[in-house]
Amino acid sequence: MRKEHYYLLAFNSTHFAISAETYLSKTIHVTIMPTLRKITASCGISIRIEPENYTKAVELINSNPKIKKNSMPYEISDENVIPLSYEN
């Protein structure tokens, strides 16, 4: 079985998901994906960020208050979904 480890940003609305994808993709590689079923409080679109880009993604999100306020970061490790904070 393949081991998965990545970060996921879930959003309050599709609008913020698209805005974040546009904003982040100017600097780092991101992938739009369906929101995982284990994450229930969000719209259906999320952004996948590979571990090597996560620190830069957090820096970018911290400098954009609208995206920060309307998104929630998660760490995905195999089957585990771990809520995170941008302050970490």
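Which residue in β4 does Ala-10 stand opposite? In this predicted model, where local features need pLDDT of at least 70, side-chain atom pairs count only at pLDDT 80 or more, and totals for chains, interfaces and linings use all residues, Ala-10 stands opposite Met-72. Residues are numbered from 1 along each chain as its sequence is written, and side-chain values use heavy atoms, with hydrogens and water left out.

Helices (H or I, at least four residues) and strands (E, at least two) are DSSP runs, numbered from the N terminus; two strands pair if DSSP finds at least two bridges between them. An open sheet is built from 5 strands with antiparallel pairing, in the order β2-β3-β1-β4-β5. Because β2 (31-34) and β5 are at the edges and have a single partner strand each, one side of each is left without a neighbour in the sheet. On average, neighbouring strands are turned by 35 degrees against each other, direction ignored (axes are lines fitted to C-alpha atoms, for helices over the stretch in contact, and angles run from 0 to 180 degrees between N-to-C directions).

Within the sheet, β1 (residues 5-11) pairs with β4 in the antiparallel sense over 7 bridges. Strand β4 (residues 71-77) is also joined to β5 (residues 80-83), by 4 antiparallel bridges. Here Ser-77 has Asn-80 of β5 as its bridge partner. The hairpin of β4 and β5 has 2 residues between the strands, and Asp-78 takes a positive phi near 55 degrees.

Two helices complete the picture. Helix α1 (residues 14-25) lies across β1, β2 and β3 (45-49), at about 25 degrees to β3, while helix α2 (residues 51-62) lies across β1, β3 and β4, at about 30 degrees to β1. Contact means heavy atoms within 4.5 Å.
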